[in-house]
Amino acid sequence: MEVVMNFENLIQPPNALLEQYLDYLRRERNLAETTLTAHREYVTVLLDDLQDSPAGRWRQMSPSFVLAFFTQQAQGKSPNMRRRLQGVLRSFLRFCLQKGHLECDLSAAVPCLRSYKLSGVPRGISESDALKTLECIDRTTRTGRRDFAIIQVLYTYGVRSGQIRALRLPDIHWRENRIRFPPHKGGKELIEP
């Protein structure tokens, strides 16, 4: 499906369209200058790519063109940069639709990038690294013994540092061989052996 990009209806050239878009972002969305710089960079590349395309491509843009452009530009970029590119393209295409430069919304042609909630959280250190860390602590001093106990509890139970800070002596039930970690960050109370 080809979608007509009505650039011939514009009084201004594509560079003026870019400036109109940036002015919209500045005035309507109140974006910072650093964000506008990123928008300028990506939209300039898109407009240059459209201009350098074979004849007729300048005035006609399809979802496949948008997808191909995004795929090409996203290659080799970090996940954050790909998400930024995704947002810029969608914003620009919606702006073009709103101003009548597109006949239908092409922002849906920009692929969705999935990010999983805990994908960036490290899984934990290896047992050998944990043992090396524990061995490095000087346990002849009070501070060293405290640090050893804190790191041992962190490694053994995998609790948050805030739970360690909130831990009090009555939370350790020696007779039942249990330790109670108070809830932290909206979590639940933990009772561990």
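These legends walk through several close-up views of one predicted model.

Residue numbers start from 1 along each chain as its sequence is written, and side-chain values use heavy atoms, with hydrogens and water left out. Because the model is predicted, local features need pLDDT of at least 70 and side-chain atom pairs count only at pLDDT 80 or more, while totals for chains, interfaces and linings use all residues.

View 1. Helices (H or I, at least four residues) and strands (E, at least two) are DSSP runs, numbered from the N terminus. Reading from that end, the order of elements is β-α-α-β-α-α-α-α-α-β-β-β. Of the 193 residues, 31% count as buried; buried means under 20% relative accessible area, exposed over 50%, and partly exposed in between (1.4 Å probe, protein chains only). Take the contacts (heavy atoms within 4.5 Å) between residues at least 6 apart in sequence: 49% of them join residues at least 24 apart.

**View 2. An aromatic cluster brings together Tyr-21, Tyr-24, Phe-92 and Phe-95.** Rings of Phe, Tyr and Trp (its six-membered ring) pair if their centres lie within 6.5 Å; planes under 30 degrees apart count as stacked, over 60 as edge-to-face and the rest as tilted. The model holds 4 aromatic pairs by this rule. In one of them, the ring centres of Tyr-24 and Phe-95 are 5.2 Å apart and the planes stand at 35°, so this pair is tilted. Because Tyr-24 belongs to helix α1 (residues 14–27) and Phe-95 to helix α4 (residues 79–98), the pair ties together parts that are 71 residues apart in sequence. Phe-95 is buried, at 2% relative accessibility, whereas Tyr-24 is partly exposed, at 22%.

**View 3. Helices α1 and α4 pack at an angle of about 105°.** Their axes lie 11 Å apart; axes are lines fitted to C-alpha atoms, for helices over the stretch in contact, and angles run from 0 to 180 degrees between N-to-C directions. Angles under 35 degrees count as roughly parallel, over 145 as roughly antiparallel, 65 to 115 as roughly perpendicular and the rest as oblique. The two helices are therefore roughly perpendicular to each other. On the α1 side, look for Leu-17, Gln-20, Tyr-21, Tyr-24 and Leu-25, which meet Val-88, Ser-91, Phe-92, Phe-95, Cys-96 and Gln-98 of α4.

**View 4. Helix α3 (residues 63–74) also meets α4, with the axes coming within 10 Å.** These axes cross at roughly 150°, which makes α3 roughly antiparallel to α4. From α3, the residues Val-66, Phe-69, Phe-70, Gln-73 and Ala-74 meet Arg-82, Leu-85, Gln-86, Leu-89 and Leu-93 of α4.

**View 5. Arg-139 lies over the face of Phe-148.** The distance to the ring centre is 4.1 Å. A charge sits over a ring if NZ of Lys or CZ of Arg is within 6 Å of the ring centre and within 35 degrees of the ring normal.

**View 6. Asn-30 and Asn-177 are two loop residues to look at.** Most residues other than glycine have a negative phi. Asn-30, although not a glycine, has a positive phi of about 55°; this residue is in the loop between α1 and α2 (33–52) and is exposed, with a relative accessible area of 66%. Asn-177 has a positive phi near 55°, sits in the loop between β3 (172–173) and β4 (178–181), and is exposed at 58%.
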